[in-house]
Amino acid sequence: MAYLDKIKELREGSPFLKERRSDILYITACTGQKRKDDGEIEACKRYIGQSSKKMLDFYAKEGCQILDMYVMSAGYGLIPADKPIREYNVTFSKNEQNESWMNAPFRREMAEKLSLGDDFKKLLQNGYKLIILRLGGNYIDALNYGAPKGGYDTIGVKICYLGNDNKIKLSDKENSTIKINVDKDNRTKNGRSNYNYQDMIWYEFFDKNKNFPTNEIINKITNATKVEELLK
């Protein structure tokens, strides 16, 4: 089955967006490594790649009391982390049919089939105060293909990146973006990829602050400019 047809099959019954339960939304990337269980299991348990695993495990255990989490999936689009999903074999970096991911028309069609732009706009309008993006360049590119002219309207929500130079197209970029700098030497010394490192940092932060009120957690993030401040 061709990849774009596979999207249609997986996304039957979409959109999958849920009502907001927290003021914080964390969006993480899907992973190529997945549990092979038959049937459907929750996304936070299906994806087992190291780049997202710590935060997905945290959410499965207790994070739903602190934040909303979505996974950006190359098969399903934007899905709540507790949505039951089937096993599938496509990612944003490669897929079983080997279509060219450097082909701009194909990527645009992929983003359209996944309804990434429309669903991200709906999440921005959902009343979140803070949205954390733990996404790599291919994922940011896919979201940007669906962005409206002039960029996404954040309507007062802050968009937070941890050491990521890839940016979502925003209508109010200067006042909407929070960039927390990563100590690249420390990351390299610990032998971690950039996204494994980000996953570890966010896990340590939320695990440490899980008993604080949401507004205090948001303030700690919005006031931090580097990882050392985030983990005080």
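Visitor: In E7, which residue is the bridge partner of Leu 133?

Guide: The model is a predicted one, in which local features need pLDDT of at least 70 and side-chain atom pairs count only at pLDDT 80 or more, while totals for chains, interfaces and linings use all residues. Residues are numbered from 1 along each chain as its sequence is written, and side-chain values use heavy atoms, with hydrogens and water left out. Strand E6 (residues 130-134) and strand E7 (residues 158-162) run parallel and are joined by four bridges, where strands are DSSP runs (E, at least two residues) and helices are DSSP runs too (H or I, at least four residues), numbered from the N terminus. In E7, the bridge partner of Leu 133 is Tyr 161.

Visitor: How many residues lie between E3 and E4 in their hairpin?

Guide: Strand E3 (residues 68-73) and strand E4 (residues 77-80) run antiparallel and are joined by four bridges. One of the pairs is Met 72 with its bridge partner Leu 78 in E4. In the hairpin that E3 and E4 form, the number of residues between them is three.

Visitor: Which element gives the largest share of the lining of the largest cavity?

Guide: A cavity is a set of points on a 1 Å grid over the protein atoms alone where a 1.4 Å probe fits but cannot get out, and its lining residues have an atom within 4 Å of a point. The search of the whole structure finds one cavity of 30 Å³ or more, and the largest cavity holds about 40 Å³ of space, a volume being the space filled by probe spheres set on the points, which are joined across faces, edges and corners. Its lining includes Asp 68, Met 69 and Tyr 70. The largest share of that lining, three residues, comes from E3.

Visitor: What is the angle at which H9 and H10 pack?

Guide: Angles run from 0 to 180 degrees between N-to-C directions, with axes fitted to C-alpha atoms, for helices over the stretch in contact. The axes of helix H9 (residues 194-208) and helix H10 (residues 214-223) are 11 Å apart, and the helices pack at an angle of about 140 degrees.

Visitor: Where is the residue with a positive phi of about 55 degrees?

Guide: Most residues other than glycine have a negative phi. Ser 115 has a positive phi of about 55 degrees although it is not a glycine. Its place is in the loop between helix H4 (104-113) and helix H5 (116-124).

Methods. Two strands pair if DSSP finds at least two bridges between them. On a 1 Å grid over the protein atoms alone, a cavity is a set of points where a 1.4 Å probe fits but cannot get out, and a pocket is an open set with protein on both sides within 12 Å along at least five of seven lines; lining residues have an atom within 4 Å of a point.
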